[in-house]
Amino acid sequence: CNPTRHELSQPAIKPPFTIDSPTFPSMLNPGESATFSVGFHPTRIGVVTDTLRITSPQLPGAPALSLW
């Protein structure tokens with residue numbers, strides 16, 4: 001188990017998607033997890049897609065989640 005804390009960037013997504021959780025952690029300790037919610041607040045009809053990314057200097061590559 002790597003004892004290094006992970007520094008996290010704020011999740012990057014564009015409207016009409018939003019991070020609806022009150023806070024997003026800037027650090028996670030080994031074995032720790034975080035929960036946050038993603039909202040979808042469209043202002044017009046149509047298909048919208050984006051990719052949610054959370055980066056960390058301690059992790060190679062950004063975890064990504066497709067939103068649609």
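A nonpolar core is a set of buried Ala, Val, Leu, Ile, Met, Phe, Trp, Tyr and Cys residues joined through side-chain atoms within 4.5 Å. I am working on a predicted model.

**Core.** I looked up the largest nonpolar core and found eight residues: L8, I13, F17, F24, L28, L52, I54 and L67. In soluble globular proteins, nonpolar side chains tend to be buried together. I then listed the contacts of L28, leaving out neighbours within four places in sequence. L28 touches R5, H6, L8, S33 and A34.

**Strand β5.** I turned to β5, which covers residues 50–53. Its side chains alternate. I checked the pairing next: β5 runs antiparallel to β6 (residues 64–67), with four bridges. R53 sits opposite A64 of β6.

**D50.** The K14 side chain is the nearest of opposite charge, at 4.5 Å. Beyond four places in sequence, I noted contacts of D50 with I13, K14, F17, L65, S66 and L67.

**P30.** I found P30 in the loop between β3 (27–28) and β4 (38–40). P30 is partly exposed, because its relative accessible area is 35%. I also checked P30 against T4, 26 residues away along the chain. Their C-alpha atoms are 6.7 Å apart.

Notes: Residues numbered from 1 in each chain as written. Predicted model: local features only at pLDDT ≥ 70, side-chain atom pairs only at ≥ 80, totals over all residues. Heavy atoms only, no water. Helix = DSSP H or I, 4+ residues; strand = E, 2+ residues; numbered from the N terminus. Buried < 20%, exposed > 50% of the residue type's maximum accessible area, 1.4 Å probe, protein only. Lys, Arg positive; Asp, Glu negative; His and termini not counted. Salt bridge = Lys/Arg side-chain N within 4 Å of Asp/Glu carboxyl O. Contact = heavy atoms within 4.5 Å. Pairing = 2+ DSSP bridges.
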